[in-house]
Amino acid sequence: MPLAPTETPRASLRWLGKLHAVGPLLGLLVLCVAGTLLNSDFATFDNMMNVLTRTAFIGIIAVGMTFVIMSGGIDLSVGSMAALIAGSMILLMNKLGTGTLAAHPVAVVGLGITLALVLGAVFGAIHGLLITRGRIEPFIVTLGTLGIFRAVLTWLADGGALTLENTLTDVYSPVYYGAVLGVPIPVWIFVLVALLGALLLNRTAFGRHVQAIGSNEQVARYAAIRVDLVKTLTHALLGLCVGIATLLYVPRLGSATPTTGLLWELEAIAAVVVGGTALKGGEGRVFGTVIGAILLSVISNILNLTSIISVYLNAAVQGGVIIVVAFLQRSRR
Amino acid sequence: MKRLMCVISASLLALSTLAHAAEKVTLGVSIPTATHSFTAGIVWWANEAKKELEKQHPDLKVIVKTASAAPEQANQLQDLLTVNKINALVVFPFESASLTKPVAQVKAKGVYVTVVDRGLTDTSAQDAYVAGDNTAFGKLPAEYLAKQFNGKGDIVVLRGIPTTLDNERFDAFNGVIKTHPDMKILDAKYGNWNRDDAFKVMQDYLTRFKHIDAVWAADDDMAVGVLKAISQAKRTDIKEVFGGAGAKGAVKTIMDGSNPLIKADVSYSPKFIYDAIKLTAEARLKGEKLPANTIIPSVLITKDNAKQFYFPDSPF
């Protein structure tokens, strides 16, 4: 039976297909124009750097989240994980900084950073193992650890705040507040993580395996893809991203409290989905996620820079914009 | 089976009469779990009260329970009544409206009820009410700032979370500022009583307003975020950052004079739970009643009196 020659889509459909890819970017551009019209300070370099620096935490986590969601999983625990990692880092650095390594604050900060990365990867790997070996739904595993991580941090902090010692804060703070070529360090790291993420997703076997598992896990298994290993790796990768985000977060305020990282999981998941990755897995783009994350923080930035809308309605505006952008980039079924 | 029931109920009866004969007070304390530093302070002070009072009064038993949401607190009140057989209760309600009925039921069983901080919607469900002074919490900073700036200046405000408590504070602040025609509130946005959100809101205020004289951060945690944002932007026009509540970090800063922006604070200490427990326990041990309303005053904290508000062991 010959194939029907319907494969060439009509011009309008092709245009729609393109719109779907650039939808989030279009939304972001419209928002930026609106922001500039509402307050000319919006378009200043300083404000843009403020927004991008803020986005870095959620953005870096969202890049990792893209892999997990694309493989058909989810991680609800990232905010709590960030809080626990931040608390553990501070405790370790304070202990070392007042003890044996008091004379080498840079080494202390280096060890703190290492701990953040290791803890993140280990927590992520544990999620992966519980999901693949333990055969528990990712939603449930990470809902459980969401509670566990935050409770342990609250317990460590006695419900209050864990604060980094002053001398260490001075050494560590350039990691957040410093800039290279006028661009803050967190923004550089965000760009680097996004580029590496895109490379990993589009140019490696691992990236293709992630997409294959998300599209159809059973078929991927028959195609001799090591599904359990790949899934565990995506979670470990996300954990590592949380570790990176946290090591940038800690020098900002030099403290961890039970409200640290609250609702980051929802922001990260929203960034991924707004950016065009399907929540059911299979297809997605790291670039879209980056745009999604920036878009979310631009909305709240514009709301802060103006007072035309009652503060009580801020969340409603955010919700509205998210739905409109999701509509722009909806995929053709 | 029937006989067994008889024996149990008889012994229970004997126990309860025994307890009654010795004039014992079993005091239940129901408070929110420590989710941020203020509630952590509440939990810490409640346990301090338990430790101290049980040592002083052998006839007193204090049971502290924490709840993470209103329905959980309602269940807990039932447990305190049926399992722990309390005859006095100090409760810090999660929400006013949804806990009014559960507290009323406890009172209907003859338990003496002291309500702390958040008033119930029906005051007949309580015997006594102990609270901090939210009006002064907003009024004192406004008066202080008006005095510092001679009734002239531009102020930005951070609010907490949309609640009646936050409205009360903001309205009191606004009321005082309005009496000074040369003082202006540039804007008031929510920082959710947390450091990170306050940091972001303050960054955007700094982008938006080229000249700011003072910040009413309305909370010591939010003041931490505000200070970081100011030092990052290297702005020198801001002369005062006024927090609120008297967290130990802020009080220490005022005591040591270590930050020129932080010169004063207003007290709203979680210690009122300690006061409420102590007042209730001691009154009930003597069989007395508390006054219907006890307001723990909010006081302006400056370098002169900071020492008496500094509790280094408390998490708050």
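Between them, chain B and chain A bury about 2,500 Å², with 51% of it on carbon and sulfur atoms; buried area is the accessible area (1.4 Å probe) that two parts lose on being put together, summed over both. The model is predicted: local features need pLDDT of at least 70, side-chain atom pairs count only at pLDDT 80 or more, and totals for chains, interfaces and linings use all residues. Residues are numbered from 1 along each chain as its sequence is written, chains are lettered from A and ligands numbered from 1 in the order in which they are written, and side-chain values use heavy atoms, with hydrogens and water left out.

The contact (heavy atoms within 4.5 Å) takes 31 residues from chain A and 26 residues from chain B. Three salt bridges are found across this interface, a salt bridge being a side-chain nitrogen of Lys or Arg within 4 Å of a carboxyl oxygen of Asp or Glu. In one salt bridge, the side chains of B:Lys210 and A:Asp41 meet at 3.6 Å, N to O. On the side of chain B that touches chain A, helix H2 (37-56), strand E7 (183-190), helix H7 (195-208) and helix H8 (220-233) of chain B each supply at least two residues. Helices (H or I, at least four residues) and strands (E, at least two) are DSSP runs, numbered from the N terminus. H7(B) gives the most to this side, with nine residues.

The second largest pocket has a volume of about 1,400 Å³. A pocket is defined on a 1 Å grid over the protein atoms alone as an open set with protein on both sides within 12 Å along at least five of seven lines, whereas a cavity is a set of points where a 1.4 Å probe fits but cannot get out; lining residues have an atom within 4 Å of a point. Grid points are joined across faces, edges and corners, and a volume is the space filled by probe spheres set on the points. This pocket is lined by 40 residues, and A:Thr163, B:Arg195, B:Val224, B:Gly249 and B:Thr253 lie nearest its centre. H8(B) provides the largest share of the lining, seven residues.

Which residues line the largest cavity? They are B:Leu158, B:Arg159, B:Asp166, B:Arg169, B:Phe170, B:Trp216 and B:Ala218. The largest cavity has a volume of about 40 Å³, and H6(B) gives the largest share of its lining, three residues.
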